[in-house]
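Subject: Structure for you to look at

Hello,

Please find the structure below, with the sequence. My notes on what was found in it follow.

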Amino acid sequence: MPEKPPAAVPAVGEGKRGAPGHIGYLLRQAGGAHRQRMERALSDFGLTLPQFSVLTMLAAYPGASGAELARLSLLTPQTMSVIVANLEKAGSVTRRPHAVHGRIQVIEVTAAGRDLLARCHPRVGAVERDLLAGFDATEEKLIRRWLVQAALEPNTGEPHD
């Protein structure tokens, strides 16, 4: 019996990589493409996407613990530790022991870190505008609501960590 030739791998948007594909796969495919675009946009600043995420969350939620930052940035505590060490070495954050709980580190964005974030925002904004191109404000609202809903546990409404 002759061997069946291998199936041609479809391009993005075709076959199972298009609308008929599993929604989870499509979400992962879109997330991977977005990550690559963001990494390119941030590369001139010497910043990775996880570092940008940590700086962004730390600026938005000052005083968050390392564990909270890890959850907010969708990173493991071990990865968070490495990222914070690298950001500290670059002068973007500082760490100091908590006044009451000595084992807890207080992580703060420095003036240089805030400046770096401000310089990154136009590039990140451009990537996000490109991502939403072709959608009106109502559709964007719906997409955002769906993405938040997708991150919640079904039937409980609790966040999935």
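Helices α1 and α5 cross in a right-handed sense. Their axes are 9 Å apart and the packing angle is about 150°. The two helices therefore count as roughly antiparallel, since an angle over 145 degrees is classed that way. On the α1 side the contact is made by H34, R37, M38, A41 and L42, and on the α5 side by C120, R123, V124, V127 and L131. Sorted by class, this contact of α1 with α5 holds 7 nonpolar, 1 polar and 2 charged residues. Please keep in mind throughout that the model is predicted.

The next pair is α1 with α2. Helix α1 covers residues 23–43 and helix α2 covers residues 49–60. Their axes come within 9 Å and cross at roughly 80°. That angle makes α1 roughly perpendicular to α2, because the class runs from 65 to 115 degrees. From α1, the residues R35, M38, E39 and L42 take part, and they meet L49, P50 and F52 of α2. The residues of the α1 and α2 contact comprise 5 nonpolar, no polar and 2 charged. M38 and L42 are among the α1 residues that meet α2, and M38 and L42 are also among those in the contact with α5.

Helix α2 also packs against α4. Here the angle is about 80° and the axes are 10 Å apart, so α2 is roughly perpendicular to α4. P50, Q51, V54 and L55 of α2 make this contact with M80, I83, N86 and L87 of α4. By class there are 6 nonpolar and 2 polar residues in the contact of α2 with α4, and no charged ones. P50 of α2 is named in this contact and is also one of the α2 residues that meet α1.

Now the core. The largest nonpolar core has 25 residues. Those with the most contacts inside it are L42, L47, F52, L55, M80, L87 and V93. At least two residues of this core come from each of α1, α2, α3 (66–72), α4 (77–89), β2 (105–109) and α5 (111–132). As background, nonpolar side chains tend to be buried together in soluble globular proteins.

M80 sits in helix α4. With a relative accessible area of 3%, M80 is buried, because the limit for that class is under 20%. Leaving out neighbours within four places in sequence, M80 is in contact with V54, G66, L69, A70, S73 and L75. M80 and A41 are separated by 39 residues in sequence and by 22 Å in space, C-alpha to C-alpha.

L87, which is also named in the contact of α4 with α2, touches L47, Q51, V54, L55, S92 and V93 when residues up to four places away in sequence are not counted.

L58 belongs to helix α2. Its relative accessibility is 3%, so L58 counts as buried. Apart from neighbours within four places in sequence, L58 is in contact with L69, V93, I107, E108 and V109. L58 and V93 lie 35 residues apart in sequence and 9.2 Å apart in space, C-alpha to C-alpha.

Is L74 buried or exposed? At 76% relative accessibility, L74 counts as exposed, because that class is for values over 50%. L74 lies in the loop between α3 and α4. Its phi is near 60°, a positive value in a residue other than glycine.

P10 is found in the segment before α1. The relative accessible area of P10 is 27%, so P10 is partly exposed. If neighbours within four places in sequence are set aside, P10 is in contact with G15 and R17. P10 and L152 are 142 residues apart in sequence, and the C-alpha to C-alpha distance between P10 and L152 is 31 Å.

Regards

Terms used:
Residues numbered from 1 in each chain as written. Predicted model: local features only at pLDDT ≥ 70, side-chain atom pairs only at ≥ 80, totals over all residues. Heavy atoms only, no water. Axes fitted to C-alpha atoms, helices over the stretch in contact; angles between N-to-C directions. Helix = DSSP H or I, 4+ residues; strand = E, 2+ residues; numbered from the N terminus. Parallel < 35°, antiparallel > 145°, perpendicular 65-115°, else oblique. Contact = heavy atoms within 4.5 Å. Nonpolar A, V, L, I, M, F, W, Y, C, P; charged D, E, K, R; others polar. Buried < 20%, exposed > 50% of the residue type's maximum accessible area, 1.4 Å probe, protein only. Core = buried A, V, L, I, M, F, W, Y, C linked by side-chain atoms within 4.5 Å. Left-handed = near helix turned anticlockwise from the far one by under 90°.
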